Amino acid sequence: DKQNTVLFEVKNNIAYVTLNRPEKHNGLNLALFDGLIQTAKNIKKDKSIRAVVLNGAGDSFCAGLDFKAVSKNPSMIPKLFLKLPWTKDNAFQRVALIWRDIPVPVISVIQGNCFGGGLQIALGTDFRFSKADANFSIMEMKWGLIPDMSLTATLTTLCRYDIAQELTMTGRNFDGKEA
């Protein structure tokens, strides 16, 4: 349900954005892509907001692309790859990079799994806080994909290039302490 995939509320000038597909570990489907992008656009316009907290409902922050949703709706992929009107990126990239366009601090709060596209969304925020037992991976390598949602623009600004290469090329899991 599109209206419930992203929860949004403002308390004391802080926007709380929650990925809300807990039964799917907040796996990215078309409704979640659309909801996150629209919510970020709305936040950007609201001058009363002083900070944003981005989190996931349930056990995980975001387990990445929901491949089951894609297999049920294969037209989803070309739609997400199309360049958005009046932008230089597509929806895959926009869902991660749009958080950098918001003129206030954006904080990811990470628990459970943070894989693939979910990790790229978290890397697009200004700050990331995670539980020590959170589980991270740049999973795209396992499917022969390039992590091009935003990772190439964000990861090397946060860690050494050789570490970014190793994580990207192996797809290995690492925990919140290492992250």
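Which elements make a right-handed β-α-β unit? In this predicted model, the unit consists of strand 2, helix 1 and strand 3. The report starts with these elements and then turns to salt bridges, backbone angles and the surface.

Strand 2 covers residues 14–19, helix 1 covers residues 30–45, and strand 3 covers residues 51–56. Strands 2 and 3 run parallel and are joined by six bridges. Within this pairing, Tyr16 has Val53 of strand 3 as its bridge partner. On to strand 4, residues 106–110, strand 3 makes four bridges, and this pair also runs parallel. Here Leu54 stands opposite Ser108 of strand 4.

Strand 3 is mostly covered, with six of its six residues buried. In a regular strand, side chains alternate between the two faces of the sheet. One side of strand 3 carries Ala51, Val53 and Asn55, the other carries Val52, Leu54 and Gly56, and all of these are buried, so both faces are covered.

The buried residues of the helix are Leu30, Ala31, Leu32, Phe33, Gly35, Leu36, Ile37, Thr39, Ala40 and Ile43. An α-helix has 3.6 residues a turn, so residues three or four places apart point the same way. The buried set includes Leu32, Leu36, Thr39 and Ile43, and it also includes Phe33, Ile37 and Ala40.

**Salt bridges**

The structure holds five salt bridges. Three of them are listed below.

| Pair | N to O distance | Accessibility |
|---|---|---|
| Asp66 and Arg21 | 3.0 Å | both buried |
| Asp162 and Arg160 | 2.8 Å | Asp162 partly exposed, 42%; Arg160 exposed, 52% |
| Glu166 and Arg172 | 2.7 Å | Glu166 partly exposed, 30%; Arg172 partly exposed, 29% |

What does the salt bridge between Asp66 and Arg21 tie together? The closest N and O atoms of the two side chains are 3.0 Å apart. Asp66 lies in the loop between strand 3 and helix 2, and Arg21 lies in the loop between strand 2 and helix 1, so the pair ties together parts that are 45 residues apart in sequence. Both residues are buried.

The side chains of Glu166 and Arg172 meet in a salt bridge at 2.7 Å, N to O. Salt bridges that share partners join these two residues and Glu178 into one network. Arg160 and Asp162 form a salt bridge at 2.8 Å, N to O. Arg160 counts as exposed because its relative accessibility of 52% lies over the cut-off of 50%. Asp162, at 42%, counts as partly exposed.

**Positive phi angles in two loops**

Which loop holds Asn12? Asn12 lies in the loop between strand 1, residues 6–11, and strand 2. Its phi is near 50°, a positive value in a residue other than glycine. At 72% relative accessibility, Asn12 counts as exposed.

His25 lies in the loop between strand 2 and helix 1, where Arg21 is also found. The phi of His25 is near 55°, again a positive value in a residue other than glycine. His25 is partly exposed, with a relative accessible area of 31%.

Asn4 lies in the segment before strand 1 and is partly exposed, with a relative accessible area of 41%. Along the chain, Asn4 and Leu19 are 15 residues apart, and their C-alpha atoms are separated by 8.9 Å.

Which residues form a nonpolar patch on the surface? The patch is made of Phe67, Trp143 and Leu145, which together have about 310 Å² of accessible area. Phe67 belongs to helix 2, residues 67–72. With a relative accessible area of 39%, Phe67 is partly exposed. The loop between strand 3 and helix 2 holds Asp66, which is buried.

Terms used
Residues are numbered from 1 along each chain as its sequence is written. This is a predicted model: local features need pLDDT of at least 70, side-chain atom pairs count only at pLDDT 80 or more; totals for chains, interfaces and linings use all residues. Side-chain values use heavy atoms; hydrogens and water are left out. Patches are made of residues with over 30% relative accessible area and no salt bridge: like charges are joined within 9 Å, nonpolar side chains (Val, Leu, Ile, Met, Phe, Trp, Tyr) within 5 Å. Accessible areas come from the Shrake-Rupley method with a 1.4 Å probe; for residues, only the protein chains shown count as cover. A salt bridge is a side-chain nitrogen of Lys or Arg within 4 Å of a carboxyl oxygen of Asp or Glu. Buried means under 20% relative accessible area, exposed over 50%, partly exposed in between (1.4 Å probe, protein chains only). Two strands pair if DSSP finds at least two bridges between them. A crossover is right-handed if, with the strands pointing away from the viewer, the path from the first strand over the helix to the second runs clockwise.
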